[in-house]
Amino acid sequence: MKSYKDLSKEELKNEIEILEKRYNEFKAQNLKLDMTRGKPCAEQLDISMDILDIPAKELRKAADGTDCFNYGVLDGIPEAKALFAEMLEVATDEIIVGGNSSLNLMYDTVARAMSLGILGGTPWSKLDKVKFLCPSPGYDRHFAICELFGIEMITVDMKQDGPDMDTIEKLVSEDESIKGIWCVPKYSNPDGITYTDEVVDRFANLKPKAKDFRIFWDNAYCVHHLSENPDKLKNILKACKDAGNENMVYIFSSTSKISFPGAGVAVMASSVENLKGIKKSLTIQTIGHDKINQLRHAKYFKNLEGINNHMKKHAEILKPKFNTVLEILEKELGGKDIASWNKPNGGYFISLNTMDNCAKEVAKLAGEAGVALTKAGATFPYGNDPRDRNLRIAPTMPPVEELKKAIEVLAICVRLVSATKLLNQ
């Protein structure tokens, strides 16, 4: 079919009539389909069940003799540090193993900077203004942390190779109140973009005016591949070291979507100096995280090869779902010049861009037909998408048959809103 923008008024009216009929047929089904969050489905959770079968007696002692049933060890047992250091390509003295949530580690890191400062610097809460750069579309929970602490967010456009580095370099070099930037560098949420080597190097060579500026490198999807030819991400910590900026980055990850979201293991990596400063407050904050769970994961996965083999099982479940979404989007929206979408090589989301000023209406119509989507605008700071066009699709949770219906409804809504908009222009 030709572009909607080339249709006559009469052709648009006919198209709207056909779409309204299809839409009302779905609406009559009283659907209740939820695609709001990127949760693993039950089949994904089931493939990790053997972790729980490791006998308790094998979880008592860590390699260094630590009693995992007792108090102690703030930064992770040796086996867990070795496993996750390999996954993040860092040394074991450059990693802290935490509880089950990397978001919790990120929150704590911001809260620590607010209350205590960074490496002897002024606590951010005592400053007149604190700002973060927010590449967008991005992760809504990052933005929520900033909003909670009253940190001003500055939107930075995402490009096909990563964030707009020209803008980032200029802003951080001129404004001392800019203290951080949020990044999901591999299979980004929601665009599925992996930062190029050039972008990583430009991050490592930033010259921020603020000495306590930090890159919050949320490498949540570092092993979440959907193909046999995964994207490769350059090592940011090594690049920062090579540039003489080794203290500038905090790296975060977890097994939340590898094993169990409710009972995984979270990790944070950074320079030895940064971690030394963090451990000072950890001695007050906790007497140790769940060492039994750390040892359980280390024994089950053993090494990075074990993790990668496990993730192939996830890909076998997820790839058909992503393919389903992409096939329906192409069938329903392809060639109509009213929407664009990414084709990710990994991660958990597909990013759909409608025509400008259409996303909110699309989400509203889909919701009325029983398909719940992530709120339009959520992928931007303050929930404000300046072009009102981005929608985040989370294909992982629903069964394929439900997913087919949900995406067909979504596509019909995109077409209906677009045709109506063009008719009224």
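Reader: What are the ground rules for the values here?
Author: Residues are numbered from 1 along each chain as its sequence is written, and side-chain values use heavy atoms, with hydrogens and water left out. The model is predicted: local features need pLDDT of at least 70, side-chain atom pairs count only at pLDDT 80 or more, and totals for chains, interfaces and linings use all residues.

Reader: What makes a space in this structure a cavity, and how many are there of 30 Å³ or more?
Author: A cavity is a set of points, on a 1 Å grid over the protein atoms alone, where a 1.4 Å probe fits but cannot get out. The structure holds 2 cavities of 30 Å³ or more.

Reader: How do you know the volume of the largest cavity?
Author: Grid points are joined across faces, edges and corners, and the volume is the space filled by probe spheres set on the points. For the largest cavity this comes to about 80 Å³.

Reader: What makes a residue part of the lining of the largest cavity?
Author: A lining residue has an atom within 4 Å of a point. The largest cavity has 13 such residues, with P135, P137, G138, W182 and V184 lying nearest its centre. The elements that give two or more residues to this lining are α5 (140-149) and β6 (178-183). Helices (H or I, at least four residues) and strands (E, at least two) are DSSP runs, numbered from the N terminus.

Reader: Which classes line the second largest cavity?
Author: Its lining divides into 6 nonpolar, 5 polar and 1 charged. The lining residues include K257, M311, H314, A315 and L318, and helix α11 (residues 304-333) gives the largest share, 4 residues. The space in the second largest cavity is about 60 Å³.

Reader: Why are β3 and β4 called paired strands?
Author: Two strands pair if DSSP finds at least two bridges between them. Strands β3 (residues 131-136) and β4 (residues 152-159) run parallel and are joined by 6 bridges, so the pair meets that condition. In one of these bridges, K131 has E152 in β4 as its partner.

Reader: What makes β2 and β5 edge strands?
Author: Each of them, β2 (95-97) and β5 (162-163), pairs on one side only. They belong to an open sheet of 8 strands with mixed pairing, in the order β2-β9-β8-β7-β6-β3-β4-β5.

Reader: Why are V73 and L119 called partly exposed?
Author: Buried means under 20% relative accessible area, exposed over 50%, and partly exposed in between (1.4 Å probe, protein chains only). V73 has 27% and L119 has 41%, so both are partly exposed. V73 has a positive phi of about 70° although it is not a glycine, and L119 has one of about 50°.

Notes:
On a 1 Å grid over the protein atoms alone, a cavity is a set of points where a 1.4 Å probe fits but cannot get out, and a pocket is an open set with protein on both sides within 12 Å along at least five of seven lines; lining residues have an atom within 4 Å of a point. Ala, Val, Leu, Ile, Met, Phe, Trp, Tyr, Cys and Pro count as nonpolar, Asp, Glu, Lys and Arg as charged, and the others, Gly among them, as polar.
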